[in-house]
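Have the sequence and the 3D view at hand.

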Amino acid sequence: MNPQTDVRTTARKFVAATGREALRLVRESLGAEAIVLTHRATAQGVEIVAMAEGDVQQTVQAAVPAVALATAAPADPTVLSELHSMRGMIEEQLASVVWSDSQRRDPVRGRLLRTLLGAGFSARLSKAMLEKLPTGQSYADGMAFVRSELVRAVPVHEDEDALFAQGGVYALMGPTGVGKTTTTAKLAARCVMRFGADKLALVTTDSYRIGAYEQLRIYGQILNVPVHAVKDAADLQLVLHDLRDRHMVLIDTVGMSQRDRAVPEQIAMLGSSQRPVKRLLLLNATSHGDTLNEVVHAYRQGHALAGCIFTKVDEATHPGALIDTVIRHRLPVHYISGGQKVPENLLRADRVQLVDSVFQPRQHSPLFVPAEADLPAEADLPDEAAPSPQAQGETDRLRLRYQSLIRAMAHDAQELATTAGALVGAHIGFDGARTLWRQAGDEAVDAKAVLHELSTFARGELVSGCDTYALALAGQVGLRATDSGDAYVCHGSLLLSDRSGLPLAAPNQWLSTAAARQSAAPGQRQAQWLQQQDFGKRLVHVLGKPPAVEQMLAWQAEGSKWLARAPGGTAVTDVHTGAATTLTRLAFAFDDTTERPVRYRGKAALQCEAQVEVLPRNAIDRDTLPTLRCVAVRVVDARSRKLLSHTCVLTNLGDEVGAPQLAQWQGWAADAEPCFRLLRDGVQLVGGMGEPGDPHMMKRLLVAGQVTTTVWRLLQAEGEWADRTRLLLGQLTGRATRAGRALTGGALYAGVGKLFLLLDALGTESAAPAQAPRALERQG
């Protein structure tokens, strides 16, 4: 038989427009094991010459001389090996071409691939997973798909009750230093808590490591559990026979490198026992992906592994390699161990938590180093654009806080963008707050630059949000340094709208130590600073108590206006009668005032205001005393006429502002005071209070002050858009919200911060919709 004739009759030619299509025709005609002989481009398209695998073997045998065939010499295996190698090489190249073409058509796949590789997954598993991803998906949808696929694929032993009920002998195995003894103690503690110390025993085969038995013996004494040491298979047989009445026995084995020739001997020793020994392999989360692969191959010899335990997860940088390993080897994960505490640092394996932990922000050196073909080309950042280690650390620390919310990435990116657009359209300072939030971690921006930006921002907000005046509210809140716990007092200022009472700006904050409180009246220093600024509106300082007469005279000379809530027992002189009296007596003398319906603490009520001109009585020079207006506000129950509230207000404002308006301003100021306490949450979210000498502590305080006004305005906003936005922000915090219960200011603050981070992570810029809702103004 002529071999050449045989090749021409068995080889087939396939021509198609693309290499992928030609390869598909080969597989359909000759099967998946077909051998590709040639692959070239022609004028008609891509031409592939291929043969069925059986035909190749016959052809090779026919090519051998007849004499050799007569002596039954087998075909040269090298020929077949070369052909198979050629086929594999060509198909791998064609697969790379197909994958690259897929990435060009769907760039989201490339971004998802980089995410998976950066998390530590192998290129093979990452590509196989993304091949199932439908085209046209957003990155958020793709991440949700990847997460669901990983949750479905990762093998986990979920029934701990069944594990303990079944009992038996378990040997914890693994390389040196993986944490077998500590993990044995942790698992023993869980057993003791479950069914008592009298049903458990500990065994160690580690007679090599100095102190290994003593370490386990100490754990045994603490748990009141016996500990036995064995040297060989015969000892193990005797000990396990003596412990046959124990419901569970845990064996701490000798640590051996996966390349140690004694590993099979150790496995054989455990397998020789008459009582079955189930082997749990400990996998070090800090190991390289290839190392983990070697460990599994080495320790699964002889008998199948019962499962595995992840150790040192608190030290891992890319836990994706662990997930990749157990998926490929179908190795159930029993427990997760991290830290030295017994038994707190041993947790049951949870699919969702395992997958979510993979995408925590870490250093960007993947465990499975990808080839150039695995990564789409990207331009490297210039050296001057690289963030400093301090800035990168701050960014990673902040991002770490919201990575537990990776489920929130399942929210469509469009939904997040729509929420951001609604917040911009509501005119509550969202865009400005987001800009400041970014500057909190930017070392190139100092406190002076932020202070200037806040002044500019305040002017714009007041011009658009106020009618004639801006209400300047001063307050203070106690803060503590994050590390040392040193106490500070933050003296802050809020500028409220005279139209709605909502805080529009927080242009300045300053600190004093708790031991060095200022002797000046609260808000005096802030008031002096505010008077020196030009915000485009006249300021009215709203104070918690009337200023001293000297301060009244100074403000009168400067033309400054103020408003203060005064105690009912404040001594004054009635300008019209000249009689000495108190504010309470004046208030109860008002009988001819008009009442109007209001809501007081959710109930129907009636409110009335009355006013009279008074002079302070505690001044020496009566001729220079400023004439003040006293506005008394009285609220009674609409049905019973019971007195609900009685307030007195002193002011140097003239009749250009009516008494009802003054009463409303005072009420708004009282409602806004909790905004200062909310500043604590903001400071913690932007990095916390530093120690003396921290150059960025004041900047963080300034940023937190302004962002607080946005959070407060969102907390007070009404309407469907506001309810929907608060619901989404509550979901971002990861907290369960009960139906009908309003979100707290602190939770809302955390949600806004995480929204900022998610928008940055998704590369989403907020844009106001065409018909954005405006922040609803509060009614009187």
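Predicted model: local features only at pLDDT ≥ 70, side-chain atom pairs only at ≥ 80, totals over all residues.

Residues are numbered from 1 along each chain as its sequence is written, and side-chain values use heavy atoms, leaving out hydrogens and water.

Let's begin with helix H20 (residues 447–465) and helix H26 (residues 697–716), which pack at an angle of about 25° with their axes 8 Å apart. H20 is therefore roughly parallel to H26 (angles under 35 degrees count as roughly parallel, over 145 as roughly antiparallel, 65 to 115 as roughly perpendicular and the rest as oblique). On the H20 side, the residues that meet H26 include Val-450, Leu-454 and Phe-457; their partners in H26 include Leu-702, Val-703 and Arg-713. The residues of this contact between H20 and H26 divide into eight nonpolar, one polar and three charged (Ala, Val, Leu, Ile, Met, Phe, Trp, Tyr, Cys and Pro count as nonpolar, Asp, Glu, Lys and Arg as charged, and the others, Gly among them, as polar).

Stay on H26 to find Thr-710. Is Thr-710 buried or exposed? Thr-710 is buried, with a relative accessible area of 3% (buried means under 20% relative accessible area, exposed over 50%, partly exposed in between, with a 1.4 Å probe and protein chains only). Beyond its neighbours within four places in sequence, Thr-710 is in contact (heavy atoms within 4.5 Å) with Ile-428, Gly-429, Phe-430 and Ala-433.

Now turn to helix H8 (residues 139–153) and helix H16 (residues 351–358), packed at an angle of about 135° with axes 9 Å apart. That angle makes H8 oblique to H16.

Methods:
Axes fitted to C-alpha atoms, helices over the stretch in contact; angles between N-to-C directions. Helix = DSSP H or I, 4+ residues; strand = E, 2+ residues; numbered from the N terminus.
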